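Colleague: I would like to go through this structure step by step. Please define a term before using it.

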Amino acid sequence: MQSFDLLEYGVPMSIRVPVDSPQVKMSEGFLGDKEVSIKAGEGFDVLLTYAPASTSDMAQLKAEQLGYVKSISNFERIVEEEEAGFIYETAIDSTQSFYGFRYIRLQGDIQYLFQSGLIGTFALEDAQMMYAAVKEEE
């Protein structure tokens, strides 16, 4: 993994990405004011949306994301949970489970929401790797 600066895409922070050359696409999003898609190597597909935050209350922002995820028809369970994010499991059937994550960063009055890419299926290890890659350094 290597540090990857997102400033040239309008995001004043860095995340970690696999050493493979990351492919980055920006767009006006339907999920937020702006979207940045970051793909690199196998199993790394992160969607970042950012927009003015509706509140500075992290617990409320995370609760909103938990609500969205729990409303997914094939939602199974929350696998890991922290103050600013979580990893969750969805199941297609009793033999196939896939994983995703949500992680929120607040900077000033802007909410940055990182999540697993919307197209694709991810193993638990992929979701954990992406989640760790976007978390703020402690």
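Modeller: A lining residue of a pocket is one with an atom within 4 Å of a point of that pocket. Helices and strands are DSSP runs, numbered from the N terminus. Keep in mind that this is a predicted model.

Colleague: Which element gives the largest share of the lining of the second largest pocket?

Modeller: The second largest pocket has a volume of about 260 Å³. Its lining holds 13 residues, and those closest to the centre include Glu35, Ser37 and Lys39. Strands E3 (23-28), E4 (34-39) and E5 each give two or more residues to this lining. The largest share, 4 residues, comes from E4.

Colleague: How many charged residues are in the lining of the second largest pocket?

Modeller: Sorted by class, this lining has 6 nonpolar and 3 polar residues. The charged residues in the lining of the second largest pocket number 4.

Colleague: What is the volume of the largest pocket?

Modeller: The largest pocket is lined by 28 residues, and Tyr88, Arg102, Gln115, Ser116 and Leu118 lie nearest its centre. At least two lining residues each come from strand E5 (45-52), helix H1 (58-70), E7, strand E8 (96-107) and strand E9 (110-116). By class, 13 of the lining residues are nonpolar, 13 polar and 2 charged. The space in this pocket is about 560 Å³.

Colleague: Now the charged pairs. How many salt bridges are there?

Modeller: A pair counts as a salt bridge when a side-chain nitrogen of Lys or Arg is within 4 Å of a carboxyl oxygen of Asp or Glu. Lys34 and Glu28 meet this rule at 2.7 Å, N to O. The count of salt bridges comes to 4.

Colleague: Is Glu28 buried or exposed?

Modeller: A residue is called exposed when its relative accessible area is over 50%, and buried when it is under 20%. Lys34, the salt-bridge partner of Glu28, has 29% and counts as partly exposed. Glu28 has 60%, so Glu28 is exposed.

Colleague: Is Glu89 buried or exposed?

Modeller: Glu89 forms a salt bridge with Arg77, with the closest N and O atoms 2.5 Å apart. Arg77 lies in strand E6 (residues 75-82) and Glu89 in strand E7 (residues 85-93), so the pair ties together parts that are 12 residues apart in sequence. Arg77 is partly exposed at 41% relative accessibility. Glu89 has 9%, and therefore counts as buried.

Colleague: How many residues apart in sequence are the parts that Glu82 and Lys135 tie together?

Modeller: The side chains of Glu82 and Lys135 meet in a salt bridge at 3.0 Å, N to O. Glu82 lies in strand E6 and Lys135 in the segment after helix H2 (124-134), so the distance along the sequence between the parts they tie together is 53 residues.

Colleague: Are Glu82 and Lys135 buried or partly exposed?

Modeller: Glu82 has a relative accessibility of 34%. Lys135 has a relative accessible area of 22%. With buried meaning under 20%, both Glu82 and Lys135 count as partly exposed.

Colleague: What arc do the buried residues of H2 cover around the axis?

Modeller: The buried residues of H2 are Ala127, Met130, Tyr131, Ala133 and Val134. They lie on the same side of H2, because the arc they cover around the axis is only 160°.

Colleague: Which strands do the buried residues of H2 pack against?

Modeller: Packing here rests on contact, which means heavy atoms within 4.5 Å. The buried residues of H2 pack against strand E2 (14-17), E5, E6, E7, E8 and E9.

Technical notes: Residues numbered from 1 in each chain as written. Predicted model: local features only at pLDDT ≥ 70, side-chain atom pairs only at ≥ 80, totals over all residues. Heavy atoms only, no water. Buried < 20%, exposed > 50% of the residue type's maximum accessible area, 1.4 Å probe, protein only. 1 Å grid on protein atoms, 1.4 Å probe; cavity = no way out; pocket = protein on both sides within 12 Å on 5 of 7 lines; lining within 4 Å. Points joined across faces, edges and corners; volume = space filled by probe spheres on them. Nonpolar A, V, L, I, M, F, W, Y, C, P; charged D, E, K, R; others polar. Arc of directions from axis to C-beta.
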